[in-house]
Amino acid sequence: MKAERPWDIVVIGSGPAGQKAAIQAAKAGRRVLVIERDARVGGACVHRGTIPSKTLRETALTFSAFRRKSGQAMQVSMPEDVQIAGLTSRMEGVVVAHESFIADQMKRNGIEVWHGRARFVSPHTIEVTSVASESRRADAKSVIIATGSRPRDPGLVPIDHENIFDSDSVLSMRYLPRSLAVLGGGVIATEYASIFATLGVRVTMVDKGDRPLGFLDAEIVERFLDAFAESGGRFVRNGRVESVAFDGISTVVTTLASGEQVRTEKVLCALGRVANYEGLGLEVAGVRVDARGLVPVDERYRTAAPHIYAVGDVIGPPSLAATAMEQGRLAARHALGLGVHDLGAARSPIGVYAIPEIASLGMTESEAQAQGGAIVGRSEFRELARGQIGAIENGLLKLVADASGTHLLGVQVVGEGASELVHIGQMAMLGHLPIDTFVECTFNFPTLAEAYRVAALDIVGRRAAASPVRTSQVRIAG
Amino acid sequence: MLQLAVNEDSRLPNTVAELRQRLTERIAARALELPLLPDVAAQVIALSTSDESDARELAEVIRRDGPMSAHILRLANSPLFRPRTPIVSLQQALSRLGMTQIRQIAFAVSCKQRVFRARGYEPEVRVSFRHSFAAGLAAQELARARRWNVEEAFLAGLLHDVGRPVLLQAIVDMHGNNRMLNRQAVLTVVAELHAQVGGMLAQKWSLPARVAEAIAFHHDPHAAKLAPQLSILISFADDIPACDEEQTPDAAAALLKHPLLPHLNLYPDEVTAIIARRKDFAETLQAVA
């Protein structure tokens, strides 16, 4: 039998990282195969994560915006027996449209997709076994592992997908519960906690940390917590979960180390994610897995096997779709020997689709202070005309400049439109524009983008106020 | 063609085609008598969607139904739950089994008592109920594996064949237990029409639209519009042999090559793990059926 020509690149997984890796390689004219264990392409992002939760979020947001923006003109309340299915009625349509867009894009670019589980049988050969137990093999010059992650199952939480859910099953609830405990303080926990609170569910969020989203700017996160409390949510700081148990009747009891018992109708366990690599036969390929259960990679996303790359959740945080996409694209370029531009820290913003939205780019205030000082400018959305008109009361944009107040080191935003607004700062950072640019250029009025000018003016003011001090310090030193 | 009747009585259908036509006309004219949702089942559904419900209320509903109470106590004392001391009260049973399980059992038993019955067709209806209950248990485990709604899957699995006893009873009502009716022919027509009638019944009972669709389309799941995945899941659960039946190695292997598995994206090891729980299902079934 004639041996089949090896594939230039085989991508395992068709989530955001895998898609972009495959598209990049195909655009470069290479022969590309994608192996997907699910019947549908798109990965957890499309079917269980980003797209479905954001669709529910959009409904919650509309509901909350209607309440805020209509003043007291109309009384809006959620029917008691509201079905989640009703709230996500657009979800299936959005998911199908997105999946079909991805499938079309792959087809258009000549990418072949095999449905089945992948397993290395040698460093360059992968066996793919279908649901019907039929096997075939693919030889690859390079392999990109983009198999994603799944919710971590911490032993002490008996997840049954009926009363105690994880993030894969939480949207299978047919009715909105009256109360929900969310365990965890990461992106997924924060997003779902705030979405359900906005929908009128009594949410208790429990995290072992002093605040959720520990990697973000503390002031921004506290602002988020204020908004969460306003929508009826409660955050339990330094809450260590001792046990979680369904009482067999109608309540899940979460017992904390402090002795407090949180009694709720349902529980969402969002205590981290674990990389999907079981069954891949990584040991056969010479790919190492570290003690944290992640696939370690170098700056080019190469694993311990030089022709095998790994991207997305399988290599660890930040576990965001946008970052994973970029990692996939870059890995494909490295694998094919194509050039890569180093854009530095401004390459990848972070977007947290909580209510309110949070976005971050570059350094936080504390990081900048620790690295030689910073001048921080703030703009409250409630002081902007657009903020007033749109009843956006809890928004805050922070520009983090260097100690001289001239160069932008980071942008931190909380509030409606944060994930879009952050890109203005991203372009300024990539273009190395001075802070004064925001003061000198014209922004449409009224817009939330005006926050950049207000925050920049704040920096200019602080810079001026700080100058005499600096001058006197120099004089004394001299 | 099967001959149904040999006499000249015009009220008796003469052929399978004629019986089919009579039933189809009744279905189309909405003239087929559909049973009401049993009281206990209705109350159990109401309690399960009410935030204020508690175990005492559920116990009260069940206590009012003697045979139901006996079933629940028998189940609580079955090897499946291995009680250290005998369970003698419904309250004890509730805390032992949990409200979710009791709700399922109560719903299943009340449907068995009030709906899965047709005079003269007792053996067929008994088999049908056992199969339905087993399909409900399998469906909920399949749903759990796919991270889909578990309660909805159980309900759709339990009721997927509910059209069979309803049609049999309708035929008995139309023609009595006339011996001239060819039993096999009756069962043939019932097999053809039961999914449609089951879907109608679920609508009449105001069950969720997704459940009604999965029942109506369990023999043609790809035609389902609202809940195609649930319909596929129920269709597959329908093909899992009843848990108290012997499963030959060939049948087990064939199940792992089932054409619907790619649509459910369940790999052989995942299906095997679910099928391996048939013994648990059988014990539950024994207590209920």
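Two residues are in contact if their C-beta atoms, placed from the backbone, lie within 7 Å. The model used here is predicted.

**Exercise 1.** Find which residues of α1(A) and α9(A) meet, and describe the crossing of these helices.

Solution. Step 1: locate helix α1 at residues 16–27 of chain A and helix α9 at residues 321–335 of chain A. Step 2: apply the contact cut-off of 7 Å between C-beta atoms. On the α1(A) side this gives P16(A), A17(A), G18(A), Q19(A), K20(A), A21(A), Q24(A) and A25(A). Their counterparts in α9(A) include A321(A), A324(A), M325(A) and Q327(A). Step 4: turn to the axes, which come within 7 Å and cross at roughly 35 degrees. The crossing is right-handed.

**Exercise 2.** Decide whether strand β2 (residues 32–36) of chain A is enclosed or open, and sort its side chains by direction.

Solution. Step 1: a residue counts as buried if 20 or more other C-beta atoms lie within 10 Å of its own. Step 2: five of the five residues of β2(A) are buried, so the strand is largely enclosed by the rest of the structure. Step 3: V32(A), V34(A) and E36(A) point one way, while L33(A) and I35(A) point the other way. In a regular strand, side chains alternate between the two faces of the sheet.

**Exercise 3.** Identify the strands that pair with β2(A).

Solution. Step 1: β1(A) runs parallel to β2(A) and is joined to it by four bridges; I12(A) has I35(A) as its bridge partner. Step 2: the chain passes from β1(A) through α1(A) to β2(A) in a right-handed β-α-β crossover. Step 3: four bridges also join β2(A) to β3(A), again parallel, and V34(A) stands opposite V113(A).

Terms used: Residues are numbered from 1 along each chain as its sequence is written. Chains are lettered from A and ligands numbered from 1 in the order in which they are written. This is a predicted model: local features need pLDDT of at least 70, side-chain atom pairs count only at pLDDT 80 or more; totals for chains, interfaces and linings use all residues. A residue is buried if 20 or more other C-beta atoms lie within 10 Å of its own, exposed if 12 or fewer, and partly exposed in between; C-beta atoms are placed from the backbone. Helices (H or I, at least four residues) and strands (E, at least two) are DSSP runs, numbered from the N terminus. Two strands pair if DSSP finds at least two bridges between them. A crossover is right-handed if, with the strands pointing away from the viewer, the path from the first strand over the helix to the second runs clockwise. Axes are lines fitted to C-alpha atoms, for helices over the stretch in contact, and angles run from 0 to 180 degrees between N-to-C directions. A crossing is left-handed if the near helix is turned anticlockwise from the far one by less than a right angle, and right-handed if clockwise.
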